[in-house]
Amino acid sequence: MRIYDIIAKKRDGFELTDKEIAFFVRGFTKGEIKDSQAAALLMAFYLNGLTDSETLCLTNEMAHSGDMLDLSSIGAVTADKHSTGGVGDKTTLVVAPIVAALGVKIAKMSGRGLGHTGGTVDKLESIEGFRTELSGEEFIDQVKRIGLCVVGQSTDLAPADKKLYALRDETATVGCVGLIASSIMSKKLASGAQCIVLDVKTGSGAFMKTVEDAEKLSRKMVDIGKGCKRKVAALITDMNTPLGNNIGNALEVIEAVEVLNGKGPEDLREVCVALAANIASLSLDIPLEKAEEAVSCALSDGSGFKKLCEMVESQGGNVRQLLDTGLFPAAKFCRKVVSEQSGFISFTDAEKIGSSSVLLGAGRKTKEDRIDHSAGIILHKKTGDCVEKGDIIAELFANNESLFDESEKLLLSAYSFSHNKPEKKPIIYKTVR
Ligand code: URA
């Protein structure tokens, strides 16, 4: 078999066999296939799309390119959740403890933020002492003991995807439904959970700009999961507007704690309840309505919050910060941003607001950048709100005042206004099962 012939075959629109895909993934991972040839094949995939059979095979090959986590010793149904990435998306910090309080075992590997989107691991690291790197044994032990563990992604998880993703990033081949679906699902399969709930974001701040594209991606991922004997559901949720009001690592942990204590913004709560209910329904094999009731209970009786505290304690974090969120170190400087006009807010562009918070130090422009956990934004007004010129629409937080001007300019450009109240759009568009 020659990689040259495989590239030519896909370029000409023919379907690759499982053996050809395996030859490509294994050869590329071992360094036997050159980046130039892998890039050419990725572009052929991008231009011609992947068939269902190609997508499934590529996913399995990437999943098996490294460690496949064996969670069988946990002795109960395990569940995982994944978000395709957004701004203000702190749902894992709420959903994972809630479902763990309901008896679902959550063994979760999460990512760091990159670009305008945040990552759960960075958020958790804003809690003093919290360890996101545990040994495999510690990870499984904790899940057995308290039903919940969230750590950073192990370097041995789907290394083929890691290498291919980096090449896709350099060759304008990221935005292909088949490649995104196999990339995400390879990591989820390797992480070992039997039930997987996917939060597929759509809108200005997401990879998938339209609900139609988000649905195509959701369908592919659900089909891959089923093909690999996992129970999978995908929720398509809005990412035109940031989720909740707080953006930035410590600020997002604080907002997650508010939701777990029965407070917090309504949009965030709605998405968290829907995700948690779908996980509970799939894992515990109960009807969705019953799962929703149980989730609401875990929010109002504080059992979800208690579970988060147990996890933080077990991973070396300072639980007192959760009990009194005023103990999170605050940024030295705050700038209040005022509206330059009156009217209804018709749009709050999530991507621009995410980038504005990166400029304050809350995110990374490159993988090597260090983040400032106390930096970020609190939005006081979002889409649908009515404002007068001069009203405070947001507060920016940073440890260096010189970062404010550029960030404020970008934040103001994220707001659009109209004379009439904009139609309220759903926050959850669809569920694909
Ligand atoms: N997230 C992933 O893990 N992979 C992709 O291809 C896109 C988003």
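The lining of the largest cavity divides into five nonpolar, twelve polar and four charged residues. In this classification Ala, Val, Leu, Ile, Met, Phe, Trp, Tyr, Cys and Pro are nonpolar, Asp, Glu, Lys and Arg are charged, and the others, Gly among them, are polar. The model is a predicted one, in which local features need pLDDT of at least 70 and side-chain atom pairs count only at pLDDT 80 or more, while totals for chains, interfaces and linings use all residues. Residues are numbered from 1 along each chain as its sequence is written, and side-chain values use heavy atoms, with hydrogens and water left out.

Rolling a probe the size of a water molecule over the atoms shows where empty space is left. On a 1 Å grid over the protein atoms alone, a cavity is a set of points where a 1.4 Å probe fits but cannot get out, whereas a pocket is an open set with protein on both sides within 12 Å along at least five of seven lines; a lining residue has an atom within 4 Å of a point. Grid points are joined across faces, edges and corners, and a volume is the space filled by probe spheres set on the points.

The whole structure holds two cavities of 30 Å³ or more. The largest cavity has a volume of about 140 Å³. It is lined by 21 residues, of which Thr 117, Gly 118, Ser 357, Ala 362 and Gly 363 are the closest to its centre. Helix 6, helix 11 (249–260) and helix 16 (350–359) each supply at least two residues of this lining. Helices (H or I, at least four residues) and strands (E, at least two) are DSSP runs, numbered from the N terminus.

The second largest cavity has a volume of about 50 Å³. Among the residues that line it are Phe 24, Leu 42, Asp 161 and Arg 168. Helix 8 gives the largest share of this lining, three residues. By class, the lining has seven nonpolar, one polar and two charged residues.

The largest pocket contains about 1600 Å³ of space. Its lining comprises 50 residues, and Gly 111, Arg 112, Leu 114, Gln 153 and Lys 187 are the closest to its centre. Helix 8 contributes the most to the lining, with six residues. Twelve of the lining residues are nonpolar, 24 are polar and 14 are charged.

Where does the ligand sit? The ligand sits in the largest pocket, a description that applies if more than half of its atoms lie within 2 Å of the grid points. Around the ligand are Tyr 165, Arg 168, Ile 180, Ser 183, Ile 184, Lys 187 and Phe 207; a residue counts as near if one of its heavy atoms lies within 4 Å. Helix 9 provides the largest share of this shell, four residues.

An N or O atom in the side chain of Arg 168 is 2.8 Å from an oxygen atom of the ligand, and for Lys 187 the corresponding distance to a ligand oxygen atom is 2.5 Å. A polar side-chain atom of Ser 183 lies 2.6 Å from a nitrogen atom of the ligand. Taken alone, the ligand exposes 240 Å², and the protein buries 89% of that, with accessible areas taken from the Shrake-Rupley method with a 1.4 Å probe.

Definitions and conventions
Polar contact = N/O pair within 3.5 Å; in protein donor to acceptor, adjacent residues only side chain to side chain.
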